[in-house]
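This report concerns salt bridges and helix packing in the structure shown below.

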Amino acid sequence: MKITVLGTGGGARAHIARLAGLGHEVHVGTRDPQATLARTEPDMMGTVPFKEFLAEHPGIELHTFGDAAAASDGLVINGIDGHNAVAALSAIADELAGKTLIDYAVSYIYNPDVEHPWPTPWGIMPKLEPVDTDSLGEQIQRALPGVKVVKAFVTQEQSTVVNPKTIGGGDHTMFIAGDHADAKQQTTELLKSYGWSDILDLGPLVCARGMEMYAHMHSAIGFGLGQQFGGHFGIKVVR
Ligand SMILES: NC(=O)c1ccc[n+]([C@@H]2O[C@H](COP(=O)([O-])OP(=O)(O)OC[C@H]3O[C@@H](n4cnc5c(N)ncnc54)[C@H](OP(=O)(O)O)[C@@H]3O)[C@@H](O)[C@H]2O)c1
């Protein structure tokens, strides 16, 4: 398939590399391809410049967000920074129309000015916004009614999402939610190709609220395991 990954961050790269390894034609979206290729410094997470990643993954095509979305034949993964995702995706609504958009972003506000900060090994815990009565997944679906949004992948590091068998032989749970049955089926098939066997459909997209709010618990479990920068673990719904 021609699959598009919107984003050049660490999570997006996990999908790009795995999809290419599975034989898909992968198109990657960024704000400004020339600017992205000109970067020479690692980002705040220590992720190496995208040009270095591309050198190790020949055949990957880098485009603007819009051109990358247009190149997909039906499946697009959203790895745009959550706080900026609605605006960036709204600008390419026409190129995304009719397609399945799997959203794993978290709408974090970094370095928040809050009354009771949560110090972490890497700074103050970001604030989630929206929360409780809305979610990023729902915001994206409302902004792009012609797109089939599925919230998935968000409760794990993307390196684990694309290779679940590296944890407990793959015996852990992946969650999906969305309002379009065919898009959830497409997402399930992709997850099975990644190696997932326990995929729990939580139901409508409103369940993205719970999936996104789990982000803090994911960080807390990582700290408890002594894994400060991203966690290499899974969670299992035992039933
Ligand atoms: N990494 C993981 O394992 C993981 C796990 C669960 C959830 N998440 C969430 O998923 C999202 C993506 O994570 P990630 O690690 O793949 O990448 P990231 O570093 O959080 O985001 C990088 C992407 O966001 C784009 N971006 C940043 N500011 C922007 C703006 N103002 N307008 C438009 N685009 C903008 C960047 O565009 P350029 O390409 O132009 O620089 C880049 O493609 C985040 O919300 C993250 O919290 C990540």
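In this predicted model, E138 has a relative accessible area of 10% and therefore counts as buried, the cut-off being under 20%. R209, with a relative accessible area of 23%, is partly exposed. The two residues form a salt bridge in which the closest N and O atoms are 2.8 Å apart. Because R209 belongs to helix α10 (residues 208-213) and E138 to helix α7, this pair ties together parts that lie 71 residues apart in sequence.

The structure holds nine salt bridges.

| Salt bridge | Closest N and O atoms |
|---|---|
| R209 and E138 | 2.8 Å |
| K184 and D201 | 3.0 Å |
| K236 and D198 | 2.8 Å |

K184 and D201 form a salt bridge. Since K184 lies in helix α9 (residues 181-194) and D201 in strand β12, the pair ties together parts 17 residues apart in sequence. K184 counts as buried at 11% relative accessibility, whereas D201 is partly exposed at 40%.

K236 is joined to D198 by a salt bridge. K236 is in the segment after α11 (215-224) and D198 is in strand β12, so this pair ties together parts 38 residues apart in sequence. At 37% relative accessibility, K236 counts as partly exposed; D198, at 9%, is buried.

D198 also has other partners. Strand β12, in which D198 is found, spans residues 198-203. The side chain of D198 makes a polar contact of 2.7 Å with that of T173. Leaving aside residues up to four places away in sequence, D198 touches H172, T173, M174, K236, V237 and R239. A network of salt bridges links D198 with D171, K236 and R239.

Burial can also be followed along a helix. Helix α5 (residues 82-90) has G82, A85, A88 and L89 buried. Viewed down the axis of α5, these buried residues fall within an arc of 95°, so they line one face of the helix. In general, an α-helix has 3.6 residues a turn, so residues three or four places apart point the same way. The buried residues of α5 pack against β1 (2-6), α4 (65-71), β4 (75-78), α6 (93-96), β5 (100-103) and α7 (136-143).

S159 is found in helix α8 (residues 158-161) and counts as partly exposed at 46% relative accessibility. S159 and G230 are 71 residues apart in sequence, and their C-alpha atoms are 9.5 Å apart in space.

Notes: Residues are numbered from 1 along each chain as its sequence is written. This is a predicted model: local features need pLDDT of at least 70, side-chain atom pairs count only at pLDDT 80 or more; totals for chains, interfaces and linings use all residues. Side-chain values use heavy atoms; hydrogens and water are left out. Buried means under 20% relative accessible area, exposed over 50%, partly exposed in between (1.4 Å probe, protein chains only). Helices (H or I, at least four residues) and strands (E, at least two) are DSSP runs, numbered from the N terminus. The arc is that of the directions from the helix axis to the C-beta atoms. Contact means heavy atoms within 4.5 Å. A polar contact is a pair of N or O atoms within 3.5 Å; within protein, one must be able to donate a hydrogen and the other to accept it, and residues adjacent in sequence count only if both atoms are side-chain atoms. A salt bridge is a side-chain nitrogen of Lys or Arg within 4 Å of a carboxyl oxygen of Asp or Glu.
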